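Subject: Structure handover

Hello,

Here is the structure I promised to pass on. Please open it alongside this email.

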Amino acid sequence: MIDVHHLSHSYFVGKKGSQQEVPVLKDVSFSVEEGEIVAIVGRSGSGKSTLLNLLSGYIRPTSGQIEFRGQDVTNYNESQWAALRLEQVGFIFQSFQLIPSMTAYENIELPLVMKGVAEKERPQRVKEMLEKVGLSAYADHYPSELSGGQQQRVSFARALILHPPILFADEPTGSLDQETERELLSFIQHLNEEGMTFVMITHDEEVAAIADRTILLDGGKVHNGEGVAR
Ligand SMILES: Nc1ncnc2c1ncn2[C@@H]1O[C@H](COP(=O)(O)OP(=O)(O)OP(=O)(O)O)[C@@H](O)[C@H]1O
């Protein structure tokens with residue numbers, strides 16, 4: 001589903017004229033197969049978020065190639081990446097990225113609006129999603145009126161409402177208590193059984209435990225080539 005070939009990325013830091021190159025990823029190659037749960041692990045600063053940002057088109061690699069379902073997307077422009085993300089990818093960010101002026105309901109509805117889904121179709125789909133993540137009673141709450149775990153679940157619902165074939169998540173269970181985390185993980189497994197592919201950055205052993213494969217980033221490289229089998 002995703003093939004990464006010889007991907008490298010450097011940031012350039014410091015003042016113009018005296019900028020320094022900071023290489024973060026060095027010649028990274030791996031694949032994610034359809035229907036897999038892949039965990040990206042590695043120490044703080046090892047380049048996990050950078051890798052996910054590259055796979056999402058938010059930043060461009062210094063060199064190398066990214067293929068999405070056999071299509072070379074490396075040189076896609078902004079609007080091609082935006083279309084690809086809307087069609088194919090759901091996101092869960094570490095910091096939720098919910099819109100503070102919108103209720104839980106409105107946040108979850110947003111991708112439907114962006115995709116142009118008919119207004120009469122939307123309430124049913126949003127309500128179903130609210131129910132799935134156990135937040136039916138909180139539809140009219142603003143993000144500031146929700147706990148961290150509830151906000152996390154809203155961001156999950158928003159990421160899933162368009163039924164994307166693949167979900168990218170940065171620490172998806174970061175602010176959940178153990179019980180809510182387990183519920184969310186079994187929800188992920190259920191979606192995975194229905195065919196959804198997951199690529200998740202995690203420090204959490206319980207998340208890594210449901211992964212089919214772990215990709216370990218260390219020193220800018222993918223450790224053990226194709227990742228470590230569970
Ligand atoms: N926009 C940026 N400009 C310059 N350097 C950056 C930028 N973003 C990240 N870095 C650097 O790149 C390296 C990798 O950062 P990244 O956020 O990808 O790591 P990470 O593995 O996700 O870390 P964490 O687990 O702490 O979230 C770090 O050394 C960081 O300082």
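Below is what was found in it, from the overall fold down to single residues.

First, the ground rules. Residues are numbered from 1 along each chain as its sequence is written. This is a predicted model, in which local features need pLDDT of at least 70, side-chain atom pairs count only at pLDDT 80 or more, and totals for chains, interfaces and linings use all residues.

**Confidence**

pLDDT is the predictor's confidence in each residue, from 0 to 100. The protein chain averages 90, and 97% of the residues score at least 70. Residues 225-230 have a pLDDT below 50. Beyond near neighbours in sequence, that stretch makes 13 contacts in the model. Where pLDDT is low, the predicted coordinates should not be read in detail. For the model, ipTM is 0.96 and pTM is 0.85.

**Overall fold**

The protein chain has seven helices and eleven strands. Both are DSSP runs, numbered from the N terminus: helices are H or I with at least four residues, strands are E with at least two. The C-alpha trace spans about 50 × 40 × 35 Å along its principal axes. A compact globule of 230 residues would have a radius of gyration near 17 Å; the protein chain has 18 Å, which agrees. That radius is taken over C-alpha atoms, and the globule rule is 2.2 Å times the number of residues to the power 0.38.

Buried residues make up 33% of the 230. A residue is buried if 20 or more other C-beta atoms lie within 10 Å of its own, exposed if 12 or fewer, and partly exposed in between, with C-beta atoms placed from the backbone. Two residues are in contact if their C-beta atoms, placed from the backbone, lie within 7 Å. Of the contacts between residues at least 6 apart in sequence, 69% join residues at least 24 apart.

**Ligand site**

Which residues are around the ligand? They are Tyr11, Val13, Val22, Val24, Gly42, Ser44, Gly45, Ser46, Gly47, Lys48, Ser49 and Thr50. Each has its C-beta atom, placed from the backbone, within 6 Å of the ligand. The shell divides into four nonpolar, seven polar and one charged. Here Ala, Val, Leu, Ile, Met, Phe, Trp, Tyr, Cys and Pro count as nonpolar, Asp, Glu, Lys and Arg as charged, and the others, Gly among them, as polar.

β1 (2-13), β2 (20-32) and α1 (48-55) each supply at least two shell residues. The largest share, three residues, comes from α1. Six of the eight residues of α1 are buried, so α1 is largely enclosed by the rest of the structure. Those buried are Lys48, Thr50, Leu51, Leu52, Leu54 and Leu55. Glycine 57 follows α1 and has a positive phi, near 80 degrees.

**Other backbone points**

The 16 residues of helix α6 (residues 178-193) should span 22 Å at 1.5 Å a residue; the end C-alpha atoms are 22 Å apart, which agrees. The expected span is 1.5 Å times one less than the number of residues. Just after α6, glycine 195 takes a positive phi of about 115 degrees.

Most residues other than glycine have a negative phi. Histidine 6, in strand β1, has a positive phi of about 50 degrees. Histidine 6 is exposed, with 12 other C-beta atoms within 10 Å. Histidine 163 also has a positive phi of about 50 degrees. Histidine 163 sits in the loop between α5 (148-160) and β7 (166-170). Histidine 163 is exposed, with 10 other C-beta atoms within 10 Å.

Best wishes
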